[in-house]
Amino acid sequence: MAKSLRSKWRRKCRAVKRERYGAKELARLKKTLGIDESATAEVDMKEITEIATVVDAKTIKESSTQEKTNADEMEVMDEDGKRVFNTKTMRDQHGNYPVWMSKRKIMKNKKGRAKSKKATSKQTKRLSRKEKKKLQSTITPQ
């Protein structure tokens with residue numbers, strides 16, 4: 001497949017473009033890095049410390065853990081008039097849902113809560129005749 005004259009011509013044109021754009025890109029990279037000999041020497045390379053700061057992984061992890069603890073502390077604080085939403089139930093301290101939440105999503109959330117509540121509560125099991133007799137005999141021995 002892809003052996004028609006049209007596809008061969010397109011492949012040829014793309015190869016020509018690749019060469020032309022490749023040369024342009026290489027020249028631009030050399031100019032950016034200051035390697036190009038033919039370019040003017042007005043670009044001064046600054047020291048790497050002025051351009052970027054090198055930080056090891058340990059300090060990044062420590063700073064991220066500090067930010068997380070600060071965020072947790074800010075979330076716990078209850079300010080005047082601010083509503084604090086529970087992420088699990090999606091309700092605030094007064095039991096209201098957020099304004100942006102649609103009615104359909106609220107109903108879905110309520111239905112899911114009811115299912116989970118039903119699953120956690122103890123379900124009453126129907127007793128068989130044998131079990132009923134045993135229960136009655138243990139309650140009222142005659």
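Colleague: What percentage of the 142 residues in the protein chain is made up of buried residues?

Modeller: This is a predicted model, in which local features need pLDDT of at least 70 and side-chain atom pairs count only at pLDDT 80 or more, while totals for chains, interfaces and linings use all residues. Residues are numbered from 1 along each chain as its sequence is written, and side-chain values use heavy atoms, with hydrogens and water left out. Buried means under 20% relative accessible area, exposed over 50% and partly exposed in between, with a 1.4 Å probe and protein chains only. Of the 142 residues in the protein chain, the buried share is 6%.

Colleague: Which pattern does the protein chain follow along the sequence?

Modeller: Helices (H or I, at least four residues) and strands (E, at least two) are taken as DSSP runs and numbered from the N terminus. On that basis the protein chain has 5 helices and 0 strands. Read along the sequence, the pattern is α-α-α-α-α.

Colleague: Among contacts between residues at least 6 apart in sequence, what percentage joins residues at least 24 apart?

Modeller: A contact here means heavy atoms within 4.5 Å. Among the contacts in the protein chain between residues at least 6 apart in sequence, the share joining residues at least 24 apart is 3%.

Colleague: Which residue forms a salt bridge with R83?

Modeller: Side chains of opposite charge can pair when their charged atoms come close. A salt bridge is counted when a side-chain nitrogen of Lys or Arg lies within 4 Å of a carboxyl oxygen of Asp or Glu, and by this rule the count comes to 1. The closest N and O atoms are 3.6 Å apart, and the residue paired with R83 is D92.

Colleague: How far apart in space are R91 and I106, C-alpha to C-alpha?

Modeller: R91 is found in the loop between helix 3 (57–76) and helix 4 (103–120), and it counts as partly exposed because its relative accessible area is 26%. Not counting residues up to four places away in sequence, R91 touches several residues, including F85, Y97 and R113. R91 and I106 are 15 residues apart in sequence, and their C-alpha to C-alpha distance is 9.8 Å.

Colleague: Is I139 buried or exposed?

Modeller: I139 is found in helix 5, which covers residues 129–139. Because its relative accessibility is 60%, I139 counts as exposed.
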